[in-house]
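Please open the model in your viewer and keep the selection panel at hand. The tour goes from an interface between two chains to a single side chain.

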Amino acid sequence: MRGRKIFSFGMAIGVAVIFLAVLTALLASRVAPHDPYQQELIFGLEPPSAGHPMGRDLLGRDVLSRIIHGTRTSLIVGVVVVGISLIAGALVGAVSGAFGGWVDLAVMRVTDVALAFPGLLLAVGVMAALGPGFGNLLFALCLTGWASYARLARGQIIALREREFVTAAISAGAGKTRLIFFHYLPNSAGPLLVEATFGMAGVIIAEAGLSFLGLGIQPPEPSWGSMLNEGRAFLLVAPHLTIFPGLCLMSLALAVNLVGDRLREIFLTK
Amino acid sequence: MGRYFIKRLLLVLPTALGVVTLVFFIIRLVPGDPVEIMLGDSAPAVDKTILRKNLGLDRPVAEQYALFLAGVAGGDLGLSVKTREPVLNEILSRWPATFALAGTAICLAGLFGVFGGVLSAFQRGRVVDRILQFLSLAGSAVPNFWLGPMLIIVFSIWLGWTPVSGMDGISSVVLPACTLAFGMSALVLRMTRSSVLEAASEDYIRTARARGLEEWKIFVKHALPNALLPVVTVLGLQLGALLSGAVITETIFAWPGVGRLLVEAIESRDYPLVQGCVLNVALCYVFVNLVFDYFQALLDPRTRVDK
C-alpha cells in the first residue's frame, strides 16, 4: 500500500529530472557537444542556432556545453554540502538532545547564533573574507547549513526520549552513544531526510547565488550562477545567456522540491 | 506582557553577543594580512601601519575583541577604508532604501499570498487549486537572481514600463519588490491555504453553512480572520529571507540599500564596512524576530515560550 503511494506524478517528474541531471553530470564530457572552455571570440554573443542550440557567450563559448558541465558543479556542491551539514548537524543535535543539561544549553545557544544570520548572509560574509574558491564555498555553505539539522535532530530526540522502546533500551543498560546511534538517529531519519531534500534545493540555489555575486565558482569554470552573472551585462543583446542557465537551475531546484514535498507527505503526514 | 518581553529580550542577548563574536572573527578569516589585501602590495608602508593601527590589528586578539565589543555597544563600528566615513553612518544612510523595498515586498507577498491561498482553499481539488499549488511549489525554486533579470527583459526592455535599475520614483520599486516578494508569496499562499482549510473544518463554519451563508462569504468572513495568525508568523519568519534576498535583488537593480552596500564593500575589499553590514543585518533580523515573537504572543497567548 505504502509502496504504491510513494510514486505520485510530481515525485515521478522530480526523480526523472534529478536522474537526468545526475546522468548529465556523470557523462558531461561525452554529452557536451563542444568544449566548454573553447573560445571563438568572433562568434561572441551569437544567438541560439542549430549548431549551438543555446547560443554562445561573450567569448564565443558554447552555452549548452557550459550548462552541461555546470550541472556537475551544482550537484557536487549540493551533495557534499548537504552530506556534511546533515551528518554534523544530526550528530550535534543528537548529543544535545541525548545529554540535555548544560551541554544542551551550550549547543543550542551556538545553534541560535548560526541561525541568527538570515539566509546567505553568513556565507557572503565568510566568502568575502576567505575569497572565492571551491573549497571556501563548501566551507561557507556548511558553516551556514548544519544548524537547522541540529535543531531538528534535537527536537526529534527530545520527543523520542520518553518513548517506551527508549526506556526499554535504557533499562537493558544502553549508554548514551548506543542510544544515539541505534535508537535516536535511526528513528529521526525520516524528518531529517525531508529536511535534507529541501536543503539540497536551497544549497544548489545558494551556490548559484554566491557565484552570481562573484563570490563562488570563478570563471572560466562553468557554474550556472557565474553564467547568470556574466549574462547580466547583456540582457538587451543576448538574453539567452540569462534565460537558459536560469531555467536549468530552476528545473533542478523544482525537481528536488517535488521529491521533498512527496517525502514530507510520506514521512510527516500521519 | 511587559515581563514576557523582558524575558524574551534576555534570552536574545546571548544570541546577539554570539552574532557580534562571529562577525568579529569573520575578518580574522582573511588569509594573510588584511591590510595588504585592502591597500595592495604597492601601498606605502606608512599607510599600511596607519590602517593597521586604525583597525586595531596591531594589538593582541583578546584586546581587539574587547575593543570591538565596546565599539558595538557604543555604536562605533570603525571607519570605512574607502570613504573614511564612520561605517555606522554609511549603513544608516542606506537603511531607508532597504526598508522601502522590503516593506513593499512584504505588502505584495501578503496581498498575493493571502488572496491566492483563499482562492486555492475555496477551489480545493479543482484545476485552479492545482495550478496555484504548483505555482507555489515552483515559486520556492525560482531564484531571485534569475527572476529579476527576466522581469527586466520583459517589463523594462521589451515593454518599457519600468526603469531598468536605480531608485527613482514609485515605478522603480515595482520590479525589485516583485522579485523579492515572489518566493515569499508562494510560501504565504501555501500557509494561507492550509490554515483556511483547517479553520474551515471547525464547528463555527458548519454553523455558518447551516445558516445558509454563501460559500465565499464563509471563507472570507469567517475562516480567513481565524487563519491569519500563522500567516503573520510566516511573514515575520520570512523577513530574514527577505533581508538576505535584498543583497542579490539590490545588486541586480542597483538599488541603493544595505545589501548593495555590502556587495560594494566586498568588491572594494573594505572589510570594516563588510563587517558592519553583516552585523547590522543580522542584529536587525534578531531583533525584528523578537518583536514579531512578542506580537504573536500578544495576539495568541498560547504561543508564548515560557521556558
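Begin by selecting chain B together with chain A: 41 residues of chain B are in contact (heavy atoms within 4.5 Å) with 40 residues of chain A. This is a predicted model, in which local features need pLDDT of at least 70 and side-chain atom pairs count only at pLDDT 80 or more, while totals for chains, interfaces and linings use all residues. Residues are numbered from 1 along each chain as its sequence is written, chains are lettered from A in the order in which they are written, and side-chain values use heavy atoms, with hydrogens and water left out.

Between them, the two chains bury about 3,500 Å², 83% of it on carbon and sulfur atoms, where buried area is the accessible area (1.4 Å probe) that two parts lose on being put together, summed over both. Next, select Leu137(B), Phe145(B) and Trp146(B), which in chain B lose the most area to chain A, together 18% of what that side buries.

Now display Arg190(B) and Asp261(A), which form a salt bridge with the closest N and O atoms 2.8 Å apart; the term requires a side-chain nitrogen of Lys or Arg within 4 Å of a carboxyl oxygen of Asp or Glu. The count between chain B and chain A is one salt bridge.

Finally, move to Glu90(B), which lies in helix α5 (residues 87-122) of chain B.

Methods:
Helix = DSSP H or I, 4+ residues; strand = E, 2+ residues; numbered from the N terminus.
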